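Here is a short briefing to read with the sequence and the 3D view open side by side. Take it one topic at a time.

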Amino acid sequence: MKNKKILVMIVMICMFLGISSTCVFAELLTLEDYDRLDFNNDGYLNEEDAILLTKKLFGMADFEGGDLNNSGRIDLTDTTIYAKILFDASNFPKGDLNRDGAIMQDDYEYALELLNGEVDSQLFVLELSDLNGEGEFTEDDANEILKIAIKKGDLDKNGVINSDDAAIALDIYRYGNETVEQRRVGDMDKNNIINSDDAALILDVYRYGE
Ligand SMILES: [Ca+2]
Ligand SMILES: [Ca+2]
Ligand SMILES: [Ca+2]
Ligand SMILES: [Ca+2]
């Protein structure tokens, strides 16, 4: 735990060193970006990934990728770029507090945990969290997140889970090209691919409820 805090601090310090970077994302991250940045493949971009990258920098972890500026090695520039990506609210939909690219029930739960002081997120960004734009993060913002949260499986985002959503899942399976949001909403068994299993699980929700 103590090690983790030290590593997070190093990442944060790297960020404030202000090393210039040429790698700036101007819009929402794509699935391709997630493939490149989600080092532990859990769907979320957070401290865990930043720690992994920092560990790789010190030779304490080995995984594919991390050379974000394609310099041929992992150095402080990469950790700086990574921190900048995490802190740039324009990379994520507003309200996506857990930075998985979709606003869902778990963002609301995370918002409540933040408000109750149950999590100490070094990655808190007001711009990402202050949905009603009053300049602070309050329970009202958490409730706003709940209002716009997409239900798991509701691929057409109409608030109802039915065979239409299952059909979209099958289309995604056939043709691919889904958005990050669709991946999070439609990947019912969380195995990072949308296929007929997910369509079947969506139909189960339709038939038997959540
Ligand atoms: Ca991750
Ligand atoms: Ca989210
Ligand atoms: Ca639906
Ligand atoms: Ca799946």
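**A residue in a loop**

- Ile74 sits in the loop between helix H3 (47-57) and helix H4 (76-87); helices are DSSP runs of H or I with at least four residues, numbered from the N terminus.
- Ile74 is buried, as 21 other C-beta atoms lie within 10 Å (buried means 20 or more such atoms within 10 Å, with C-beta atoms placed from the backbone).
- Beyond its neighbours within four places in sequence, Ile74 is in contact with Lys56, Leu57, Gly66 and Asp67 (contact means C-beta atoms, placed from the backbone, within 7 Å).
- Leu57 is 17 residues from Ile74 along the chain, yet their C-alpha atoms are 5.6 Å apart.

**About the model**

- This is a predicted model, in which local features need pLDDT of at least 70 and side-chain atom pairs count only at pLDDT 80 or more, while totals for chains, interfaces and linings use all residues.
- Residues are numbered from 1 along each chain as its sequence is written, chains are lettered from A and ligands numbered from 1 in the order in which they are written.

**Helices H8 and H10**

- H8 (residues 163-175) and H10 (residues 196-208) pack at about 175 degrees, with axes 8 Å apart (axes are lines fitted to C-alpha atoms over the stretch in contact, and angles run from 0 to 180 degrees between N-to-C directions).
- H8 and H10 are therefore roughly antiparallel, the word for angles over 145 degrees.
- Among the residues that meet are Ala169 and Tyr173 in H8, and Ile202 and Tyr206 in H10.

Technical notes:
Helices (H or I, at least four residues) and strands (E, at least two) are DSSP runs, numbered from the N terminus. Angles under 35 degrees count as roughly parallel, over 145 as roughly antiparallel, 65 to 115 as roughly perpendicular and the rest as oblique. Two residues are in contact if their C-beta atoms, placed from the backbone, lie within 7 Å. A residue is buried if 20 or more other C-beta atoms lie within 10 Å of its own, exposed if 12 or fewer, and partly exposed in between; C-beta atoms are placed from the backbone.
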